[in-house]
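Me: I'd like to learn how to read sheets and helix packing off a model. Can you walk me through one?

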Amino acid sequence: MASKAQNKAGLLNPSTRKAQVDVRTRAALLVVAVLASAGLLYWQVQNITLIIAFLALVISLTGAAFFLRPPAVANDQDYAEPEDWAVTRMVADQSAIGLAITDRAGRLVCANELFTKWFNGAAVPPELPLQAGGNELLATAGRTAWRDGRGYAEGLKRGVAEYSAKVVRAGQGDEYLLWQMIPQIPADILDDMIGLVSGGGGRALSEAGILASVIGGEGRIRASNQAFALRATGRIDANIPGRNFISFLRSDDKGTIFFEREGRHGTPVRLFHIPLDRDKEKGPALILLIDDDGGMVERGKALEQVESMLSLLPLGLALTDRDGRFLFLNEAFAKTAGIGAQEQPLYPGDLMIRDDKSAVSDAVRRYASGPPLAGDLAVRLRNGGEEPVALGIAGVRGLGEAAVLLSIRDNSEESKLKSQVAQATKMQAVGQLAGGVAHDFNNILTAIIGHCDLMLLRHAPGDSDYDDIQQVKNNSNRAAGLTRQLLAFSRQQTLRPQVLQLPDVVADVSNLLKRLLNETIELEVRHGRNLGLVRADPGQLEQVIINLGVNARDAMPSGGKISISTQAIVAADVRALKSEILPIGDYTALFFTDSGNGIPPHVIGKIFEPFFTTKSVGKGTGLGLSTVYGIIKQSGGYIFADSKPGEGTTFSIYFPVHRPTAEDAERATLNSLPVKATAKKELWGTANILLVEDEDMVRAVAERALTRQGYTVVTASEGEEALTLLALQAEKDEQFDMIVSDVVMPNMDGPTMAKHVRKNYPDLPILFMSGYAEEQLRKSIDLDKVNFLPKPFSVAQIAEAVGETLAEHAKLG
C-alpha cells in the first residue's frame with residue numbers, strides 16, 4: 001500500500017468529509033455578511049463607535065451559537081485511525097475484485113493482490129494491458145469520475161477474461177480515484193475448459209464420438225477437439241479457433257441440426273449447450289455434439305450396445321454404477337484380474353489386496369459423480385504377484401446406470417523387462433569396473449611374481465628364505481587366478497575359441513565333476529540329437545560346468561541329483577519362449593539342473609554379480625557364477641537362471657549354432673597333422689631390446705629379467721619417449737632388434753606408438769604385454785607381426801615370449 005498519509009486521505013468516511021466542507025463554506029459566508037452589514041451601516045450613520053459596537057454584538061452572538069450548537073452527526077473523531085496499515089492492506093486483499101488508487105497526477109498510490117495478478121504487476125489505470133478499445137473506455141470512466149464522482153465501463157477484455165470497471169472519486173479533498181475491476185468471466189474456468197478440450201480430454205471425447213467446442217460470449221470458437229475439426233472442415237488438424245461457431249452448422253425447417261459441410265445428406269447432430277457463466281445470457285459456453293439417428297436411443301439399449309463393443313476388445317474393461325458395483329466386465333478384464341469362471345465379484349475393491357481396497361473404492365465413487373474425468377492407479381491384485389498393475393478409471397455419462405469405466409493392464413511383463421534391462425546395464429557397469437581393477441592388479445602381481453623369481457634365483461631350495469619366497473609367489477599366483485576370474489566376468493580374458501560339439505566337452509569334464517561331488521549326489525547326463533556346432537574355448541566351458549557343479553553341490557548338503565542335458569533349439573522354439581533378450585535363431589542349449597534348496601526371488605537377480613555370495617565367511621569368493629556369466633557372454637551365448645525355493649535351480653545356457661567356414665576347415669586340417677617334437681625353448685639371447693612400460697615396478701622387473709638372460713635392454717616410460725629413442729638409434733646407424741611394450745599408457749599408448757614405428761621399421765617385431773584379452777586387443781590394434789604376453793607373468797615367461805618372437809621373426813626373415 002501507499003504511505004500513511006495517502007491511505008488516510010483515501011479511506012476517510014464520506015459524511016465526515018462533507019461535514020468539514022459545509023462548515024468552512026458557512027463560516028466564509030458569515031464573515032462576508034457581517035463585513036457587508038458593517039459597511040452599509042457606516043455609510044448611513046458615519047459613526048465609528050456605533051460600528052464597533054455592532055461588530056462586538058455580532059461576534060458575541062456567533063460565539064454563543066457555537067458553544068450552544070448540537071453535537072455533529074459525524075466527524076473525524078467518530079472513526080479510530082488505524083496505527084498498523086498492514087491491517088488495511090489485508091482487508092483490501094480479501095476483496096474478490098481488483099482495487100487500485102491513483103492521484104490527480106495519474107500516479108499509482110496502491111493496488112491489491114488481485115489487481116496486480118490480473119494485470120501483470122503494478123499497471124497504472126487507465127493504461128492496462130487490455131484488448132483494443134478497452135483503455136479508451138477506462139479513460140472515459142476516469143474522466144467521468146473526476147467530474148461527477150463516479151464512472152463506469154463494461155466489456156473490458158484481456159485474453160479470455162472480461163471485466164467491468166467502477167471508478168469512484170475519493171479522498172479528503174477529492175484528490176484520488178478508486179478503480180474497482182469486477183470480473184465478468186473468470187479466466188481460470190475458461191482457460192481450464194480450453195485446455196481440456198484442446199488436450200487429452202478432447203482426444204478422449206473424440207474417441208468416444210463426442211464433438212466438443214468452447215466458444216466465447218461473442219460466439220467465436222476458442223478451442224475444439226479433433227472430432228469437431230474433422231466433421232466441420234474435413235481435416236483433423238484444421239486451425240479453426242477464432243471462427244464463428246454457427247457458420248459450421250445449419251438447420252432445416254424442423255429444427256434438425258446438420259454440419260454445413262456435409263449438406264442435406266449429412267448425419268444430424270444433437271447439440272448440448274453448457275454455459276460457463278450462468279449470470280450472463282451470452283457468455284462463454286462448452287458445446288457438445290453427438291450424432292442423432294432420429295432420436296435418443298434408450299439408455300438401457302445404449303448400455304447394451306456399449307457392453308457388446310467392450311466384450312470384443314482385447315483390453316481389460318469393466319463398467320460400474322455410481323455405488324461402485326460391477327455392471328459388466330469382459331473376458332480380458334477377468335483374465336488379468338484372476339477372476340475364476342464361477343466367481344462373481346461385487347466391487348472392484350474385492351479384487352485388490354487389503355491395502356489397496358479403500359483407495360480403489362474411493363476413486364470409483366469420486367469419478368462416478370461430477371464432471372466426467374479420467375485417471376489411473378497402481379494397485380496390486382489379490383490373485384496377482386507382487387508387481388502392481390495399472391487400473392484406469394474414467395467417469396462416463398449417458399449410459400443409464402453405468403457411471404465409471406475401468407480398464408486394467410498387466411504390467412508384470414513390462415516390469416520384468418525393465419528389471420532385466422536394468423540388471424544387464426548394472427552387470428555391464430560392474431564388468432567394466434572389474435576389468436579395470438583386474439588390469440591394475442595384474443601390474444602389481446607382475447612386479448610381485450617377478451621379484452619373487454629373481455630372489456629365488458639367488459636362493460637354493462635348502463635356504464631358510466626359500467620357502468617363504470615360494471609361499472609369496474604361490475599366493476600371488478592365487479591372486480592372479482582371481483584377476484582372471486574378474487576378467488572372465490568382464491569379458492576381457494584371453495580365449496582360445498574352437499569349433500566343437502557340446503557333448504564332447506561335457507563328456508571330458510564329467511569324470512572330474514564326479515570327483516568333486518559327494519557320494520550322496522547323483523550325476524545324470526543326457527544329450528539330444530542333431531546338435532549344431534558351437535565356437536567357444538573348451539577349457540573355459542569346462543570351467544563353466546565345474547563352477548555350476550560346485551554351486552549345486554553346496555546347495556544340496558544332504559544329497560540330491562544333478563542333471564546335465566544338451567538340446568537343439570531351433571528358431572521356432574525361440575519364438576515360443578517369447579524372450580525379449582534371446583534373439584531369434586538356432587542354438588545349441590546346455591541345461592544344468594539340481595534338486596537343491598533353490599534360490600529365493602530376492603536373491604536370484606544378484607547371483608551373477610561379482611563377490612556376491614550367500615555362503616558363510618571363508619567358504620566362497622562370490623566369483624563362481626560371475627565367472628560363468630562372463631565366459632558365456634564373451635563366447636556370444638546367453639545364460640538364464642530359473643528357480644523356486646525348495647524345488648531346485650535350472651541354468652539354461654544358449655550358444656548360437658556355428659556355421660563352419662573355409663578358415664575353420666583349414667584350421668581343423670592343421671590340428672589333425674602329427675605334432676613334431678620340439679626342442680627345449682632357449683631363454684638366452686643377445687638382442688637389443690626397447691622396453692616400453694609406464695609402471696615403474698613392472699618395467700624394473702622386466703628389465704632385470706631380460707638383462708639376466710643376456711639381452712641389452714633400453715627402457716622408456718611411454719610411447720613418445722620410445723619414438724625419441726628410436727630416432728636417436730637411427731642417428732647412430734643402429735637399430736633395435738625388438739620392442740616389448742605395454743598397451744595402455746599415458747600420452748601415447750602402445751598401439752599408437754607401434755603404428756608410428758611401422759612407418760619406418762615395417763619388419764620390426766613387437767611384443768605387447770597386457771592384462772586385457774588378446775582377441776579384444778587384436779581387433780583394436782590391427783597390426784601384423786605382433787605377439788602378446790598376458791599379465792601377470794614370471795621371469796621365465798617373459799624371457800620365453802621374447803625368445804619365441806625373435807625366433808619367428810628370424811624364420812620370416
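Predicted model: local features only at pLDDT ≥ 70, side-chain atom pairs only at ≥ 80, totals over all residues.

Me: What holds paired strands together in general, and in which sense do β24 and β26 pair?

Reply: Strands of a sheet pair through backbone hydrogen bonds, either parallel or antiparallel. Here, β24 (residues 688-692) and β26 (residues 738-742) take the parallel sense, with four bridges between them. Look at L691, which has V740 of β26 opposite.

Me: What is the strand order of the whole sheet?

Reply: Read across, it goes β25-β24-β26-β27-β28, an open sheet of five strands with parallel pairing. At the edges sit β25 (712-716) and β28 (786-790), each pairing on one side only. From one strand to the next, the twist averages 20 degrees.

Me: Which helix lies across β24 and β25?

Reply: That's α21 (residues 696-708), and its direction is at about 165 degrees to β25.

Me: Now the helices. How do I describe a packed pair, and how do α22 and α23 cross?

Reply: Two packed helices are described by the angle between their axes and the distance between the axes. For α22 (residues 719-731) and α23 (residues 750-760), the axes come within 9 Å and cross at roughly 20 degrees. Angles under 35 degrees count as roughly parallel, so α22 and α23 are roughly parallel to each other. Their crossing is right-handed.

Me: Which residues make that contact?

Reply: From α22 you get G719, A722, L723 and L726, and from α23 M753, H756 and V757. By type, the α22 and α23 contact residues are five nonpolar, two polar and no charged.

How values were computed. Residues numbered from 1 in each chain as written. Heavy atoms only, no water. Pairing = 2+ DSSP bridges. Helix = DSSP H or I, 4+ residues; strand = E, 2+ residues; numbered from the N terminus. Axes fitted to C-alpha atoms, helices over the stretch in contact; angles between N-to-C directions. Contact = heavy atoms within 4.5 Å. Parallel < 35°, antiparallel > 145°, perpendicular 65-115°, else oblique. Left-handed = near helix turned anticlockwise from the far one by under 90°. Nonpolar A, V, L, I, M, F, W, Y, C, P; charged D, E, K, R; others polar.
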